[in-house]
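Please open the structure in your viewer and keep the selection tool at hand. The tour below goes from one selection to the next.

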Amino acid sequence: MQKVRTASAMFVTAVLFLSACGDAEPEEQADDPASNAAREAALEAAGGEELGGSVSMLGLLGGEELDAFLSVLKPFEEATGIEVQYEGTRDFAAVLQTRVEGGNPPDVVGTPAIGEMSAFAEEGTLLDLSEVVGQDVLDANFSPSLLETASVNDEVFGIFSTVNLGGLIWYDPSTYEGPTEPESWAELQTWAAQEAADGRTPWCVALESGAASGWPAADFIDEILLRQAGPEFHQRWAAGQEPWTSPEVRAAFETYGETVTEDMLYGGTTTALSTNFAEAATPMFADPPGCSILQQATFMGGIITDSMPDLVPGETLDFFPVPDYDPAYPGIRSISGEIVGMINDTEQSTALVKYLATPEAGTLLALTGRWLSPNLNVEDSVYEDPFLRRASEVLVEAEGTYSLGNSLMPQTTVDAFWKAGLDYTQNPGDLDEILATIEATR
Amino acid sequence: MIVDRVQLIAIAVIVTVVVAVGYIRLGDRGLRGLLPRHWYRRSVPWLFIGPAALIVGLVLVFPGISTVILSFFDTKGTNFIGFDNYASALTDPITLIALRNTALWVALLPTLSALVGLLIAVLADRVRYGGLVKAALFLPIAVSAVAAGVIWTFMYDYQPPVAAQTGTMNALLTVLTNTDPIAWIIDEATNNYALIAATLWTQAGFAMVIFSAALRSVPDELLEAARLDGASEWQTFRHITLPILMPTVVVVTTTVTVIALKAFDIVYVMTNGTYGTDVLSTVMYRELFTARDNGGAGAIATMLMIAVLPIMIYNLRQFRREGQGV
């Protein structure tokens, strides 16, 4: 008994000691114009007072992407005293559903799966942000198409927090000898086919991504469909009004399929299937390069330079936008991004969502160098990152900008689409069967 | 953050211990004071078993029954649809692949665990560095399934033949046999076996520990007598050791069979069921969390439960028989 008492006494002491260590030292506030402006905007979003308390947020971000996003929230925390407790999980849907059904949902959620969020919105889980933030504020800061994308039954269930421009070809200017301003997809592919015929593998493709494996293929096919079959068809397809077995979808898979043949790919299809998407560009910088072009969205620049910080934008890493697939639909660009939705109506969560809708928060987001800001009032000149600056120019010049369809679909279909991306890459001959399998999930 | 959690855990532990001790002491005293001796003796077992029964009822029996009920209803659990969920599960090509794979898991994992565990337990005792071998086999038990999945993803890593092999398995393979590397978890000829092998790594140690303990119960006089009578080492093992260990073999294989039926984490982390590696639990998970189909997920869960039940009953009987034997 004596022993037990001693042990528990030690235990309690240890707990007290640990709790004494828990008090964090106050950090210094950043003193630059953007942060100062963001603090003012945050205070206004909180109704002009230091509310204190906390707000829980569930999302998918982790690692350096999360650090970047939290840096946007820092002025908000400083100005309002509200602590944002961000919980990042790759199992977003399962965690969110469990917590909603368990009566313990997070206050705010952030996710790129808009279709999944619209299911939650239809069940009444997500609040109408036009009432929380105000329709006039939304209209002043976001384009109608972005608001429409994250709406259901005339209720805005999400506002975009980040935007990625899709359909970029990343390459190394110091070794790449192909066209950097191709007139058409055909011109680029002709060059790639010649490379392959000469025994060099032009395309870098990597599709592995844990439970979400296959999404890079799905995004690629999605964009091809948008720009090859045209936005109208693409929109109907995304809304579930066109079958997966239609000739347009088939053609999009086949166009993608021409890039992932054994001769075109670094290491062949097996390597593409087994390599993590974040490692896609690695062989590009080997000597001699294992591959020379990689199709991926703006965020890939950050991912590549995270693992290879020595790369110099414009000199050893650069991108050009993928040219038109079909001259009938010129200058079309695809975007994807994360939306923020609100579940619990508290003073703190309202303040956070209002803050994220401000151009000041958008400016900070642009300064992270990771994402484009969806906010209309963020000037293109604020981008310090050369890639994002170029990307924002590409967006301005675009004839039309559309969201990728797979972010808008129900998650079962999205999963099947991702898996189809893998299966088709592995066995292109099974296309009919693969398309029928996705069709069966609708 | 971590400090907060440690604090919370510490408080939880303290509260649990205080409440449990308080419940038993005060409850016992209360019953003794309130009830006549005859009734007290009858009710005291219920006092002790009460909390456990309550918890089991709350987190096992109740969800179990509601799962079975849900499996006869549609997606949201509002309309009764009979056996439709079972019918669609048993005709769905993906579920059929999962059924096939689960059968493969059940056939291989318990057998291999028992074989490896028994082999190491028996042989390690005969060499000086046996402790080291046992420790090496035992350590993976402490590795969580998700971590094991990540570790084995690296072990099975594939690089094209032109590049250096960074995965241990392919590095060994290409150096030793001079063949092309294998995409272990993508190639459908190897992937299911690769996943089972990764799980075996986490389970064989458990089997070995149980067998090691059971080996101590084999009387030395018997082995000595057999050897004196001229039995070879194999004959001694086959006719003396193995029959005595038989109940342990049953316990180990049934336990690992249940683990094989439940297999989820390693598959989810390493392939998420792609390339024909789905098992019933991954299909169930997708039905529940991706398709949000409570009925469909309930049907698969019920099928798994039905598959596990006979094994559990057999196991319990075995325990009871052993209890009576002593």
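Two residues are in contact here if their C-beta atoms, placed from the backbone, lie within 7 Å. This is a predicted model, in which local features need pLDDT of at least 70 and side-chain atom pairs count only at pLDDT 80 or more, while totals for chains, interfaces and linings use all residues. Residues are numbered from 1 along each chain as its sequence is written, and chains are lettered from A and ligands numbered from 1 in the order in which they are written.

Begin where the chains meet: 17 residues of chain B are in contact with 24 residues of chain A. On the chain B side, helix H1 (2–34) and helix H12 (280–290) are the elements that give two or more residues, and H1(B) gives the most, with 5 residues. Helices (H or I, at least four residues) and strands (E, at least two) are DSSP runs, numbered from the N terminus.

Next, select strand S7 (residues 168–171) of chain A, which 4 bridges join to S9(A), the two running antiparallel. Strands pair if DSSP finds at least two bridges between them. In this pairing A:Trp170 stands opposite A:Phe319 in S9(A). The open sheet has 3 strands in the order S8-S7-S9 (chain A), with antiparallel pairing. Strand S8 (294–296) and S9 of chain A stand at the edges, each with a single partner strand, so one side of each has no neighbour in the sheet.

Finally, select helix H16 (residues 386–397) of chain A, whose buried residues (20 or more other C-beta atoms within 10 Å of their own, C-beta atoms being placed from the backbone) include A:Phe387, A:Leu388 and A:Val394.

Key
Buried ≥ 20, exposed ≤ 12 C-beta atoms within 10 Å, placed from the backbone.
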